[in-house]
Amino acid sequence: MMCSGYRILVASYTDGLTSLLFDPKGPTLEVTSKIKVGNRPSWLTAHPDDPTLVFTGLEQSDGIIIALKFNEDGNATVVGQIPSGGADPASLLATTSTLFVGNYSSGTILAAPVSASPPYFSKHPKSSLLQLKGMGPNPQRQESSHPHHVVSIPGRTEFLIPDLGADRTWRIVRDPAGELIIKGEVVYPPGNGPRHVVFHEGILYTLNELTSTLTAHRLPPLPAVPTLLSTTPTLRRPSEEPLGDRLAAELLLAPAVTGGDPSFLYASNRNDPSPAGDTLVVFSLEKPETPELVEEVYTGLRHLRGAAIVGEDSRWVVLGGTQGGGVKVYERVDRGRSLREIASLPEVEQPTAFLWWGEARKTGH
């Protein structure tokens, strides 16, 4: 058997998910299937023991979590659902035994038991629900807590929850009874609006949506407190005028390519007024404490919200324009310092997030 491409699942602000097949030999990008699951399935996470078991959340006032099982052809079947524990689930993280859900509008975090085998969701679940409380100076965006990401730290028991509304990243653990407990916090200047985070080699990198900045904090294990290392704009030419609708969105860790430079961070910027569309910027981590913006790629996409890195060698980057341009795939070039567009599918509607969940295979000799 040999690989004939990569399967990429696309979340959206429509009523369904789209499966794509990306063949780098073409290179080609095509739709293989679609499935309707409900209102605005905007985020995706796969079970770590079974990448064909995928969870998505419906962003609505009575949030719902949907479990789907994919077959080898990329077609999905809904196999379960539970309440999200709040309104507008915007981020999910699956571990071996637990699904963590960040409900954006209600400011709640759900920890629900899951498994890689049927019925996937327990019939008698013992879930934990944590209510976050906080606010910031922006009355339109920070009137209450708005968790926007759920991240685990390998080798530690804590989880990180950036809260756009409270200008905090909460450091959360589970007590012996399974309840979620806040054990620490990372504090940002008022109005920053932390959206997504990456933890890498002892440093927490935070993409701040409302100020379009990237902060780096030294984050030792609990109970030690973090230390601010640097703050860098995500725009190559930051304006002295108010940013308006220009908002940072996604943050990805891009490992070093073979024979290339050290690791990179990729950050997306939405609503650029340029006719060339929104940008994906590349930060070098050659000096980890002070990331350096080394490249700015105009994508032609509008409202560049979601992005993901595809392939075992982390060679491909998939991007989506929620308000125009569909989906594009880029190849990492120049030793990982830049990107080159190689495939596009403009007809994909309102993409918001991506999940690489497997390879498509065909018989070879």
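Trainee: How many cavities of 30 Å³ or more does a search of the whole structure find?

Mentor: The structure is a predicted model. In the largest cavity there is about 60 Å³ of space. The number of cavities of 30 Å³ or more found by a search of the whole structure is 1.

Trainee: Which elements give two or more residues to the lining of the largest cavity?

Mentor: The lining consists of Ser42, Trp43, Ala90, His148, Arg195, His196, Glu250, Arg305, Gly306 and Thr352. By class, these residues divide into 2 nonpolar, 5 polar and 3 charged. The elements that contribute two or more residues are β4 (41–47), β16 (194–200) and β24 (302–310).

Trainee: Which residues lie nearest the centre of the largest pocket?

Mentor: The largest pocket holds about 980 Å³ of space. At least two lining residues come from each of β4, β8 (89–94), β12 (151–152), β16, β20 (247–254), β24 and β28 (351–362). Among the 31 residues of the lining, those nearest the centre are Trp43, His149, Leu251, Leu252 and Leu355.

Trainee: How many nonpolar, polar and charged residues does the lining of the largest pocket have?

Mentor: The lining comprises 31 residues, including Trp43 and His149. Divided by class, the lining has 22 nonpolar, 8 polar and 1 charged residues.

Trainee: What is the radius of gyration of the protein?

Mentor: The secondary structure comes to 0 helices and 28 strands. For 365 residues the globule rule gives 21 Å, and the radius of gyration is close to that, so the protein is as compact as a globular protein of that length. Along its principal axes, the C-alpha trace spans about 55 × 55 × 35 Å. The radius of gyration is 19 Å.

Trainee: What percentage of the residues of the protein count as buried?

Mentor: A residue counts as buried when its relative accessible area is under 20%. Of the 365 residues, the share that count as buried is 58%.

Trainee: Is Asn103 buried or exposed?

Mentor: Asn103 belongs to strand β9 (residues 98–103). Its relative accessible area is 0%, and the cut-off for burial is under 20%. Asn103 is therefore buried.

Trainee: With which side chain does the side chain of Asn103 make a polar contact?

Mentor: Leaving aside neighbours within four places in sequence, Asn103 is in contact with Ser84, Gly85, Gly86, Ala87, Asp88, Pro89, Thr108 and Pro147. Pro147 is 44 residues from Asn103 in sequence, yet the two are 6.4 Å apart in space, C-alpha to C-alpha. The polar contact, at 2.7 Å, is with the side chain of Ser84.

Trainee: Where is Pro27 found?

Mentor: The peptide bond from Gly26 to Pro27 is cis, with omega near -10°. Pro27 is found in the loop between β2 (16–23) and β3 (28–36).

Trainee: In which loop does Pro223 lie?

Mentor: The peptide bond from Leu222 to Pro223 is cis, with omega near 10°. Pro223 lies in the loop between β18 (213–218) and β19 (227–233).

Trainee: Does Ser212 count as buried or exposed?

Mentor: Ser212 has a positive phi of about 50° although it is not a glycine. Ser212 is found in the loop between β17 (203–208) and β18. Its relative accessibility is 3%, so Ser212 counts as buried.

Notes. Residues are numbered from 1 along each chain as its sequence is written. This is a predicted model: local features need pLDDT of at least 70, side-chain atom pairs count only at pLDDT 80 or more; totals for chains, interfaces and linings use all residues. Side-chain values use heavy atoms; hydrogens and water are left out. Helices (H or I, at least four residues) and strands (E, at least two) are DSSP runs, numbered from the N terminus. Buried means under 20% relative accessible area, exposed over 50%, partly exposed in between (1.4 Å probe, protein chains only). Contact means heavy atoms within 4.5 Å. A polar contact is a pair of N or O atoms within 3.5 Å; within protein, one must be able to donate a hydrogen and the other to accept it, and residues adjacent in sequence count only if both atoms are side-chain atoms. On a 1 Å grid over the protein atoms alone, a cavity is a set of points where a 1.4 Å probe fits but cannot get out, and a pocket is an open set with protein on both sides within 12 Å along at least five of seven lines; lining residues have an atom within 4 Å of a point. Grid points are joined across faces, edges and corners, and a volume is the space filled by probe spheres set on the points. Ala, Val, Leu, Ile, Met, Phe, Trp, Tyr, Cys and Pro count as nonpolar, Asp, Glu, Lys and Arg as charged, and the others, Gly among them, as polar. The radius of gyration is taken over C-alpha atoms; the globule rule is 2.2 Å times the number of residues to the power 0.38.
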